[in-house]
Amino acid sequence: MRIPPLTLASLSFTIGMFPSMLMAQAAPPSNNTSNSTATNTSSVVGEILTPKHPATPRITGPKVFGVRPGNPFLFKVTATGERPMTFSADNLPSGLSLDSSSGMITGTLQERGTNAVTLHAKNAQGETSRLFRIICGDTIALTPALGWNSWNCFAGAVDDAKVRSAADAMVSSGLIDHGWTYINIDDCWEAGRGTNGMIQSNQKFPDMKALSDSIHSKGLKFGIYSSPGPKTCAGYTASYQYEDQDAEQYGKWGVDYVKYDWCSYGKVANAIRTEKYAAMLPADDAAKLKSLADERAAIEVTPGNKRTEEQKSRLKAIDGEFKGVISKLKPEDRERIELEVVQEPYAVFRKSLDKVKRDILFSYCQYGMGKVWEWGEKLGGNSWRTTGDITDTWKSMSGIGFSQDGHEKFAGPGHWNDPDMLVVGQVGWGHPHPSRLTPDEQYTHMSLWALLSSPLLIGCDMSQLDDFTKSLLSNDEVLDVNQDPLGKPAGRISMNGTVQVWARSLEDGSKAVGLFNLGDQPASVSVSWQELGIKGPQIVRDLWRQKDLGSFAEKFEATVPSHGVVLVKIRPAGTAASK
Ligand code: GAL
């Protein structure tokens with residue numbers, strides 16, 4: 001992304017500028033020259049905007065953390081700055097202790113309530129402190145998850161060594177110091193079932209508990225994947241009718257995050273759907289539905305790609321006849337049944353997870369069916385995919401990202417919309433290549449996902465992190481927008497041709513605003529204080545460059561490159577940037 005020099009033409013001085021700021025504004029914000037080129041093997045050489053973090057300590061990561069009473073507490077205080085560093089905390093509630101060299105807080109809390117803690121980090125260069133709220137109650141994931149998932153880079157080629165190397169790289173790259181936490185295995189780890197129906201890992205994962213212990217020993221958390229049908233999307237053993245055993249096994253392995261897909265549940269759903277409809281219809285219609293369902297099931301024994309044309313057209317006809325029968329029911333009854341069908345597997349697995357004495361983040365992956373954002377929270381989901389799978393193209397990323405408007409009102413602390421994982425760095429679903437998104441598109445991707453309070457799951461090969469990708473993932477001011485404790489995701493506040501403005505309120509009373517240009521040419525994008533519901537002079541801060549741009553009276557305007565973004569934070573003049 002290149003924000004052009006802030007010339008008189010590119011900013012709305014006429015309405016906005018304080019005369020005293022004019023000189024300061026006329027100079028382009030300096031790029032962090034010490035850090036301005038990508039040096040690594042990746043072919044993506046974008047302009048690095050994220051400044052190098054100082055040697056003095058700076059505490060990063062979430063400012064609020066939720067835990068359930070009696071469950072193991074696991075939180076690592078993270079900070080950038082020179083090592084060695086020591087950590088301490090004031091007012092840590094009893095039951096918890098902090099390891100001063102690693103920053104790990106462990107223990108258990110029994111009492112519900114909010115604990116206001118002050119965290120301290122100190123090194124040879126100085127010290128700093130930050131407020132941190134620990135909320136013991138029913139809700140976890142008070143801020144969106146930050147982590148890594150194996151799918152977008154390795155897909156079926158994932159194995160123990162690759163997951164360990166991702167965890168190692170999370171530490172050695174320094175990303176762990178910016179609050180990145182989860183190391184999640186996606187599909188393709190499963191084998192069959194052993195004694196008492198307990199799920200086994202396949203030979204690529206010889207010892208899941210040892211892997212989990214190793215991830216935890218680094219101060220990271222461990223995630224896993226399953227599906228509610230008999231098979232996962234990649235055809236491995238999934239959780240259908242073994243939900244309790246799977247949740248129990250995950251608890252034993254020390255799992256902190258479960259991504260729960262939908263694959264192969266379709267057939268189960270059809271059977272449930274038929275039962276529910278049949279129960280509401282006269283006997284002859286009910287019998288007709290059941291015979292159609294049986295016929296469908298008999299055809300579906302043949303895998304989709306091996307079905308004859310005749311079988312395919314019969315399936316279509318069955319659907320038509322089925323719809324014809326159920327059209328006798330009231331639309332609201334049909335809607336209710338359809339909703340119950342898509343909700344059922346998530347309600348079932350929620351119950352299984354609740355039997356485990358561990359805080360396991362529950363992430364639904366059912367692509368937005370039944371408007372999941374409207375009920376995901378009620379059913380105890382901590383996040384839910386709102387769309388199909390992302391890929392590393394502008395069409396896919398922008399199509400998903402910019403279609404999230406309206407979902408924001410359903411998300412908040414403990415329950416997040418998930419427009420899918422990040423496609424920056426070396427991605428490729430088993431065929432690694434540098435992301436096909438241009439640098440400007442990658443800034444758009446990160447900025448939009450931060451504004452949306454999306455879980456941020458890095459999808460690249462962590463052992464191949466280039467400097468540009470690392471800079472995208474280590475900008476604490478951008479990550480702070482994603483992790484803001486108020487948990488109010490952005491919505492679109494204006495759209496004019498190919499330019500759009502998305503904005504959200506932050507806990508400190510400021511606004512985070514993305515000025516996006518989806519067009520093929522640079523474009524001027526502006527936002528007025530009126531559109532943001534604020535008044536009076538405001539300081540505008542460029543979040544990627546971590547630099548105040550000046551004070552503006554009524555609006556801010558910038559020239560934004562094609563497919564790029566200018567991401568700013570707007571706070572009342574006279575207030576300091578919050579830390
Ligand atoms: C898809 C899911 C992907 C990945 C894949 C694994 O349904 O959307 O993110 O998990 O299954 O098979």
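How many nonpolar, polar and charged residues does the shell around the ligand have?

Modeller: Keep in mind that this is a predicted model. By class, the shell holds 7 nonpolar residues and 6 charged ones. It has no polar residues. Together, 13 residues surround the ligand. Asp186, Lys259, Asp261, Tyr367 and Asp389 are the closest.

Now look at single atoms. Start with Asp389. One of its polar side-chain atoms lies 2.4 Å from an oxygen atom of the ligand. Lys259 comes next. An N or O atom in the Lys259 side chain is 2.8 Å from a ligand oxygen. For Arg385, a side-chain N or O atom is 3.1 Å from an oxygen atom of the ligand. How much of the ligand does the protein cover? Taken alone, the ligand exposes 310 Å². The protein buries 94% of that area.

The domain assignment gives domain 3 as 146–264 + 340–482.

Finally, turn to the nonpolar packing. In soluble globular proteins, nonpolar side chains tend to be buried together. Here, the largest nonpolar core has 102 residues. Trp148, Met170, Trp180, Trp189 and Ile458 touch the most other members. Take Trp189 as an example. Beyond its neighbours within four places in sequence, Trp189 is in contact with residues including Phe205, Met208, Ile224, Tyr250 and Trp253. A second, separate core has 20 residues, among them Ala523, Leu549, Val566 and Val568.

Technical notes:
Residues numbered from 1 in each chain as written. Predicted model: local features only at pLDDT ≥ 70, side-chain atom pairs only at ≥ 80, totals over all residues. Heavy atoms only, no water. Core = buried A, V, L, I, M, F, W, Y, C linked by side-chain atoms within 4.5 Å. Buried < 20%, exposed > 50% of the residue type's maximum accessible area, 1.4 Å probe, protein only. Contact = heavy atoms within 4.5 Å. Near = heavy atom within 4 Å. Polar contact = N/O pair within 3.5 Å; in protein donor to acceptor, adjacent residues only side chain to side chain. Areas by Shrake-Rupley, 256 points an atom, 1.4 Å probe, with all protein chains shown as cover. Nonpolar A, V, L, I, M, F, W, Y, C, P; charged D, E, K, R; others polar. Domains from an automatic or database assignment.
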